[in-house]
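I opened the notebook to look up a few spots in this structure. My entries follow.

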Amino acid sequence: MAERPFITCHALDTVSGKPAAGIDVKLKLISPSQATTAHWTAKTNGDGRVPAWTSSADINEVVAKVKHELGEDDQMVWSLTFDTETYFGKGKTFWPEVELRFAAKNEEEHYHVPLLLGPWSYTTYRGS
């Protein structure tokens, strides 16, 4: 079994009360910006989850390199972007995309970022 990625996420549709399957998601390391030009993509599965990413660069290898170069109090800043307009339909949501930016500490092993999504609102939190 493949190693779990440093960052995973999932989306739940708060209107239907079900997982938000089929949402295109993009993951990008914002800071330190010089660490990589790679980004990662995925589509939420039937359970609304992204358990793995597609990219030319292995996310865990990039994270290991960045962690090695970061100072003790430095953080990584990541961006998760969900294509919500395609999921809900053009003109059927206030949020054509939802971008979640968050800081990841050097000593952490994994981050899980849930998105609770409706056409007119969303919320998120640090998952486990």
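Where does proline 32 lie? I was working on a predicted model. I found proline 32 in a loop, with strand E3 (24–31) on one side and strand E4 (39–43) on the other.

Next I checked the peptide bond there. From serine 31 to proline 32 the bond is cis, and omega is near 5 degrees. I noted the general rule beside it: most peptide bonds are trans.

Then I turned to the record. UniProt lists residues 7–127 as "domain: Transthyretin/hydroxyisourate hydrolase", in an unreviewed entry. I looked up the make-up of residues 7–127: the chain there is 13% helix and 41% strand. The end C-alpha atoms of this stretch are 11 Å apart.

I found a negative surface patch formed by Glu72, Asp73, Asp74 and Glu107. I followed up aspartate 74, which sits in the loop between helix H1 (59–69) and strand E6 (75–82).

Last entry: tryptophan 95. I located tryptophan 95 in the loop that runs between helix H2 (84–88) and strand E7 (98–105). With a relative accessible area of 26%, tryptophan 95 is partly exposed. Buried would need under 20%. I also looked up a pair: tryptophan 95 and glycine 118 are 23 residues apart along the chain. Their C-alpha atoms are separated by 9.1 Å.

Methods:
Residues numbered from 1 in each chain as written. Predicted model: local features only at pLDDT ≥ 70, side-chain atom pairs only at ≥ 80, totals over all residues. Heavy atoms only, no water. Patch = residues over 30% accessible without salt bridge, like charges linked within 9 Å, V, L, I, M, F, W, Y side chains within 5 Å. Areas by Shrake-Rupley, 256 points an atom, 1.4 Å probe, with all protein chains shown as cover. Salt bridge = Lys/Arg side-chain N within 4 Å of Asp/Glu carboxyl O. Lys, Arg positive; Asp, Glu negative; His and termini not counted. Charge placed at Lys NZ, Arg CZ, Asp CG, Glu CD. Helix = DSSP H or I, 4+ residues; strand = E, 2+ residues; numbered from the N terminus. UniProt positions renumbered as here; feature names shortened; annotations may be inferred. Buried < 20%, exposed > 50% of the residue type's maximum accessible area, 1.4 Å probe, protein only.
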